[in-house]
Amino acid sequence: MGLVYLFQAFAELMTLSNLLYCFVAVQLGIIFGMLPGLTATVGIAILTALTFKWDPGNAIMVLIGIYVGAIYGGSRTAVLLNIPGTPASAATCLDGYPLSRTGKAAEALGLATTSSFLGSMVGLVALAFLTPLLANMALEFKSYEVFWLAIFGVAICGNLTAAKDPLKGWVSGILGIILSFVGMEAIQGYRRFTFGVTDLMAGFSIIPVLVGTYALVEILDNLSDVSTPTVVAQVGRVLPRIKDILKNWVNIVRSGLIGVLVGIIPGVGENIGSYVAYDFAKRASKEPEKFGKGSIEGLIASETANNAVVGGALVPVLSLAIPGSPPAAVLLAALFLHNVRPGPLLMIEQPLYIYSFSAMFGLATIAMFILGIAIVKPMLTILRIKKSILMPIVFVLCMVGTYAIAGRLFDILVMICFGLLGFAMRKLGFPEAPLVLGIILGPMVDENLRRGLILSEGSFAPFFGSTISILLIIAVFFTLFGRSKPVRWSLQLVFAPLRALRSGITNRLGRKK
Amino acid sequence: MKKLLVSLLVLSLLMTGTLFAAAEQETAEAGWKPSKTITMIVPWGAGGASDQTGRIVAAGMEPILGAKIAVVNQPGASGATGQKSAFDADHDGYTWAANADASVATYQVQDLTPDISHRDWNAYFAIFTPCVITVNPDSDITDWDSLMAAFKSRRVKVASAGIGAGGHIAAETFASQMDVTYNHVPYGGGNPAVVATVAGETEVVMQLSMEVADMLRAGRLRAIAVLDSVPLKITGVDEIPAITDFASGFPSVGFNFGLFIPKDIPADAQEAISAAFTAASQTDKVREFAELKGSVAVSIQGEEADAIMEQAASMFGWLMYEGGVASVNPETLGIDRP
Amino acid sequence: MKENHKETAKPDFLTSIFLIGLSLVILGLSLAMPKYVEWGMYATPSIAPIIFSSLLLMCGIILFIRSIAVRGYAIRITREQTVRFITSKPFYNFSATLGFVLLYYVLMGRVHFVLISALYLFLNMFYFHSTAWWKSLIISVVTAGLIWYSFNYLFLIPLP
């Protein structure tokens, strides 16, 4: 029944003007996503202002297009230049860039596009058909559960390293967490590590840190390297083989589900979803040693998850008027400004609205796929531009993007400082991905730990009081100790039958092709 | 190939340009005509109360002033960082802030902006939103009497948007007026605090009516009383009784949202902005927005707004100072005790 | 695995000392934060910094021990090595790149955006001999102008 409504809503969208709006919006979103510093959040905020006087239907279509496009667009620069356009694509760099270094940029971009598309589709299914069910799950994540989720995030830092040195991953992650404590904290308003500097009160926001540790480091590294750049011949097809996708179906479904789940949790967003999916893919993989050196599985996991988060984050927006991610918060405000009132009432008063909303999301996803595949070949020319011309231009865009986020010159200084820190870290073999993750996780750990203790008036017992908490604690345990022998051995015992089943299914699917 | 890329980029930029360029509207006859884009700094995250109020008013003022207004979100440090950068910019009328009276009035006593007083700003208020005592519908608190019984018999968990935020000030006022204690649970914003109460993590939340209106309509929260001397009407919800019906003499706790512009901008700019605000704050769009959000559309500026700021500084400043939240004695700043 | 660590033994040795020092400083600063707040000890702002600086301390010590194990302290940095490093082309390039970046930052907000951006781009391209100087100039000015135009007028983000 729901499917019929969805198709109906979809058919209604099929007008020339809608298609035009959608494609332009998604293209603009992709550009926003590619520009370092400009994220989905900023893109939606800007377009909210620009579309303020529009007909609500068109305006919302445009905003959804921007959201979908921007989350996807970040992967373009991540693959080509090792500079994630948005925090959501930081995990994509880990494998996407090594792939393009070895001449497989076209394939990587195509795969990233396809996985983003599939991830979005998982999100669409969740949004269109499971919203009432999933919405209540969002409310299950309270302070204790979010605390454990954040701890899980810290635990995976050790697994985000290309070199086999988890210790350096953790050092980098913990350093990120400590740096995130700078500024006025949210519980008591105490100013930590600000040393009386007013500008430090607001802390380090994620964008300057991201742009610094990735983009500036990449620029410094590229420009100081004198060896004549060897232009790697780019070979390979753009559209991935269906066989490759089928071989990864478990990975795609898993990453999609992780993305949707992470998206639903209020206040946790794209930025974390891709890391978690990446970690799971690495653990489940038969070739974990390839991760960080150009693993197709890793790329698929990260890109599937970050686009699945979009669908997930919109679930609580529609059903509870609670944003699941920062961009969703702005989208929610925009919906209100256009007199669409999401929330529990929407499900009662306009039960069909969810289908027209989902249809817009679906249309944007399709537009993203078409535009994404179409621009792969032209995008490759970026690799042929001389580094000494391209990199300074990228830096100008970094300056602009960092400044645009809040209009503060101080953020640019933060960006430059983190660039130097990141450069030193890279030379010493410390990975940058955990540092960025740490900056995101720090406030989550801090606030939820203390809030949890305030709620329990000092007792630790409630931290272990719910099924979700217990599941997360188990996940943390396996992340930290899963590779030690006794744990592995007992795992094998439990999962051997399951694995046999899966490989059976995979083989059959593969053969059909 | 490169040409193709560049032309694609240029083409898409041009297309967006033509698509998004709003039709130029004729400028009003005001003496001051902005020659460049006006920047409105919202010192809170996008989607919050200040942000939404600011954007809706800005959209109304754009055609009257004949200039674009760019909204920039600059969150952090309870909005002090953004408020300060609005003040640090040239006082030429091209940089505004959108904030709430209680926040701007207490930055100085909280030692967040030591050199900027609330008296340095001209305030233009468009939305008034009172605080509402609301509870989780599963709670055994159903009316005023059971609320008081609960507060007297146990430590009720009260969520707020953080230290010094609307919900905290309301709860503090409530506690001191009613002589009760409670367990204050701060969250990182109004929305998370309301969600926590909907989810049942906390029992009571006293945030702004703007932030709870939709949850009230959906029956996910139950309203007990509004911290005002008049009852509050929100469409789709039973009239919320005024707290003064139960506790006479209870002071109103509510917040005015609007624009803040430094006082010493050129006089002609001030005049033009003032006229544009008067028109923009009285449009149907603002009224509908207020209605939707369970708030009241107002249009206050000039001396009346100064009086509100002074009152807010005195009431909230002293409350925070005595509660240990603010470190600077309001007396040293010439703020009278309420 | 061991070989892998040996390569970076010397820098690891120094980094670990730095990390231990840093974590001790943070630990000290955190311990100095107010403890008795509205709710009691458990909600003090120092709780998380104390936990994580201790963890960093632990990691630092492990790294220290590991670098000692592969004799990280014994690898010397000679004067010639230092001189060779400082006079090397990568170091020059790095300093130049960083210098341009800092110059750009310092001038940002003081000089018109298009002017400094074009200057920055041109300096870079000129230094690295990317193309003929007049081509560099054209690219610089056009890029800077295009970025300024699109941000100020299309995206409505005012630039300094």
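## Basis of the description

A residue is called buried if 20 or more other C-beta atoms lie within 10 Å of its own, exposed if 12 or fewer do, and partly exposed in between, with C-beta atoms placed from the backbone. By this criterion, 29% of the 160 residues of chain C are buried.

The structure is a predicted model, in which local features need pLDDT of at least 70, side-chain atom pairs count only at pLDDT 80 or more, and totals for chains, interfaces and linings use all residues. Residues are numbered from 1 along each chain as its sequence is written, while chains are lettered from A and ligands numbered from 1 in the order in which they are written.

## Chain C and its helices

Chain C contains seven helices and zero strands; its elements, read from the N terminus, run α-α-α-α-α-α-α. Here helices (H or I, at least four residues) and strands (E, at least two) are DSSP runs, numbered from the N terminus. Two residues are in contact if their C-beta atoms, placed from the backbone, lie within 7 Å. Among contacts in chain C between residues at least 6 apart in sequence, 54% join residues at least 24 apart.

Helix 6 of chain C covers residues 113–127, 15 residues in total, and reaches 21 Å from its first C-alpha to its last, close to the 21 Å expected at 1.5 Å a residue. The expected span is 1.5 Å times one less than the number of residues in the helix. Its buried residues are Phe113(C), Ile116(C), Ser117(C), Ala118(C), Tyr120(C), Leu121(C), Asn124(C) and Met125(C). These buried residues pack against helix 19 (387–406) of chain A, and also against helix 5 (89–107) and helix 7 (133–154) of chain C. After helix 6 of chain C comes His129(C), whose phi is positive, near 50°.

## The contact between chains C and A

In this interface, 54 residues of chain C are in contact with 49 residues of chain A. On the side of chain C that touches chain A, helix 2 (9–31), helix 3 (47–69), helix 5, helix 6 and helix 7 of chain C each supply at least two residues. Helix 3 of chain C provides the largest share, 10 residues. By class, this side of chain C has 41 nonpolar, 12 polar and one charged residue. In this classification Ala, Val, Leu, Ile, Met, Phe, Trp, Tyr, Cys and Pro count as nonpolar, Asp, Glu, Lys and Arg as charged, and the others, Gly among them, as polar.

Ile51(C) lies in helix 3 of chain C. Ile51(C) is partly exposed, with 16 other C-beta atoms within 10 Å. Ser30(C) is 21 residues from Ile51(C) in sequence and 9.7 Å from it in space, C-alpha to C-alpha.

Domain bounds come from an automatic or database domain assignment. For chain A, the assignment gives domain 1 (2–481) and domain 2 (482–513), and the C-alpha centres of these two domains of chain A lie 29 Å apart.

A nonpolar core is a set of buried Ala, Val, Leu, Ile, Met, Phe, Trp, Tyr and Cys residues joined through C-beta atoms within 7 Å. The largest such core has 328 residues, and those with the most contacts inside it are Leu63(A), Ile66(A) and Tyr67(A). Helix 4 (residues 56–81) of chain A gives the most to this core, with 16 residues. Leaving aside neighbours within four places in sequence, the contacts of Ile66(A) include Ala25(A), Leu28(A), Phe32(A), Ile44(A) and Leu47(A).

## Chain B: domains and sheet

Chain B is assigned domain 1 (36–129 + 255–333) and domain 2 (132–245), with 25 Å between their centres, taken over C-alpha atoms. Their contact takes 17 residues from domain 1 of chain B and 16 residues from domain 2 of chain B.

Five strands of chain B form an open sheet of mixed pairing, in the order 7-6-8-5-9. Strand 7 (183–186) and strand 9 (222–226) of chain B stand at the edges, each with a single partner strand, so one side of each is left without a neighbour in the sheet. Two strands pair if DSSP finds at least two bridges between them. Strand 6 (residues 157–160) and strand 7 of chain B pair in the parallel sense over four bridges, and Lys157(B) stands opposite Asn183(B) in strand 7 of chain B. Strand 5 (residues 132–135) and strand 9 of chain B pair in the antiparallel sense, also over four bridges; Ile133(B) has Ala225(B) in strand 9 of chain B as its bridge partner. Four of the five residues of strand 9 of chain B are buried, so this strand is largely enclosed by the rest of the structure.
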